[in-house]
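Good morning, and thank you for the time. Please keep the sequence and the structure in view while I speak.

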Amino acid sequence: MFSQIVMKSVSWDLLLQDLNSYFPNELKFHLVKILLKLKSFHKHTCEKAVKKKLKINEEWIKNDLLIVDACLDRTWEMLNSGYWKDVPIIYRYCYSLCCVIKSAIIEVSIESENSEMSEKFKDIIQQIDKGLLLGAPLPSCPKLLTEIASNLNNHYSDLVKNREIQGSRITIDKKNFCTDIFPGFLPIPTFRKPSMERFYRDIFKPKTPALLQNCIEHWQALSLWKDIEYLRKVAGSRTVPIEIGSRYTEDDWTQSLITFSEFLNAHISKKNEQVGYLAQHELFDQIPELKNDFTIPDYCSFSDKDDGEYMPNINAWFGPEGTVSPLHHDPKNNLLCQVFGCKRVILYSPKDSLNLYPYNTRLLSNTAQIDPYNADVVKYPDFQKARGFMCYLTPGDILFIPPKWWHHIVGLSTSFSVSFWWD
């Protein structure tokens, strides 16, 4: 028999509290009834009479799924009505809660292990992941979706553990790419495992880019994440956002939500004409099991603010050879850590900003129109005044990128990087 993971994880009174506090009345009217019904079912789930009645009358499941889907569609419209950062948080709460409710209804419909069970289970995991990706942590139970997803993933891995694993270990052929500094560029200063004092004095305080070596050799990720089977077991069933296309400034660039296994099969285990890139994604908040494989570098403890005791934003960058991050800058300190593979990085000082011709649009104001490898100096003549720096990131390396420093990054092989952004 199926163990009800979602139903057992939910505190129904807390969900009702969030529903009454944060949902618009047009949605609240329909969903309160469903939530009360699920609460009652969970309370009496061991009573044979209730189970028998449920098996006989499945109509309410179909009807309630239609209602929840309608609420999700309505909330989706609000999430996509303008710039993401301008979306009222109330609609992200709504989306998260609707995802939990829908997952619980699907779970109730699973009566026993049968040919459809694994597919329904997969639907539940994907629904929870959509809540994690597009919603927001619920005020009364902020860790609910993450905990449900972890428990579901462990159970789902057992269901599919005997299926064929496509690919085994990611291997990198270092002979396929050059690591020379190109003419016209300056090398970035290199430090071998600098002390905290030296990092602060010579790198962080003066805001100087620096390549740090031998600082994360203790990370288990350096070995574990090259194992396709390990990644599939920990994250294979989870839904992640993938960028499709060479770079986000091109017309052919788009985004897609697919499972991590589908990403591994289509873009990592084999070559694909389209570049698929898991880029700038908070993967480790979504799948905290992967956080056990690395530690936050101590260098992140320094801050530019007097009250700077905040945890850094941690993002994953995982893709095949040919990934490109166009020339852009970020507002925070950045430690870019290379887990495996090789990347070529070009940097320019904030003093060269006008020489790099940033876009004039709000969305791309932090991105340059210049391609440093193929610049049109007739159209952009001042680019010739810019002074570029270059380095290569190999496994175990860390690149410190100060705030507002422009950087252009190319993946020379299949590559996994972790970035730490902080003030």
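This is a predicted model: local features need pLDDT of at least 70, side-chain atom pairs count only at pLDDT 80 or more; totals for chains, interfaces and linings use all residues.

Strands β10, residues 343-348, and β11 run antiparallel and are joined by six bridges. One of the pairs to look at is Tyr348, whose bridge partner in β11 is Gly388.

On its other pairing, β11 runs parallel to strand β1, residues 185-187, and three bridges join the two. Here Pro187 has Met390 of β11 as its bridge partner. In general terms, the strands of a sheet pair through backbone hydrogen bonds, and they may do so in the parallel or the antiparallel sense.

Is β11 enclosed or open to the outside? Strand β11 spans residues 388-393, and six of its six residues are buried, so the rest of the structure largely encloses it. The side chains divide by direction: Gly388, Met390 and Tyr392 point one way, while Phe389, Cys391 and Leu393 point the other way, and all are buried.

I turn now to the open sheet. It has nine strands with mixed pairing, in the order β2-β3-β12-β9-β14-β7-β6-β4-β5. From one strand to the next, the twist averages 25 degrees.

Strand β4, residues 239-244, pairs with β5 in the antiparallel sense over six bridges. Within this pair, Val240 stands opposite Ile258 of β5.

Further along, strand β6, residues 276-281, pairs with β7 in the antiparallel sense, over two bridges. Leu278 has Phe318 as its bridge partner in β7. Strand β7 also pairs with β14, residues 415-422, again in the antiparallel sense, over seven bridges. In that pairing, the partner of Gly319 is Ser415 in β14. Strand β7 itself covers residues 313-319 and is mostly covered, with six of its seven residues buried.

What lies across these strands? Helix α12, residues 260-268, lies across β4, β5, β6 and β7, and runs at about 120 degrees to β5. The helix is mostly covered, as seven of its nine residues are buried. Those buried residues are Phe260, Ser261, Phe263, Leu264, Asn265, His267 and Ile268. Their cover includes α11 (228-235), together with β4, β5, β6 and β7.

Lys207 sits in the loop between α9 (196-204) and β3 (210-213). Its phi is near 55 degrees, which is a positive value in a residue other than glycine. Is Lys207 buried, partly exposed or exposed? Its relative accessibility is 21%, and Lys207 therefore counts as partly exposed; the buried class requires a value under 20%.

Asn214 lies in the loop between β3 and α10 (221-224). This residue has a positive phi of about 60 degrees, although it is not a glycine. With a relative accessibility of 29%, Asn214 counts as partly exposed.

Finally, Asp252 is found in the loop between β4 and β5. Its relative accessibility is 52%, so Asp252 counts as exposed, given that the exposed class begins over 50%. The C-alpha atoms of Asp252 and Gln274 are separated by 9.9 Å, and these two residues are 22 residues apart along the chain.

Thank you for your attention.

Conventions:
Residues are numbered from 1 along each chain as its sequence is written. Side-chain values use heavy atoms; hydrogens and water are left out. Buried means under 20% relative accessible area, exposed over 50%, partly exposed in between (1.4 Å probe, protein chains only). Helices (H or I, at least four residues) and strands (E, at least two) are DSSP runs, numbered from the N terminus. Two strands pair if DSSP finds at least two bridges between them. Axes are lines fitted to C-alpha atoms, for helices over the stretch in contact, and angles run from 0 to 180 degrees between N-to-C directions. Contact means heavy atoms within 4.5 Å.
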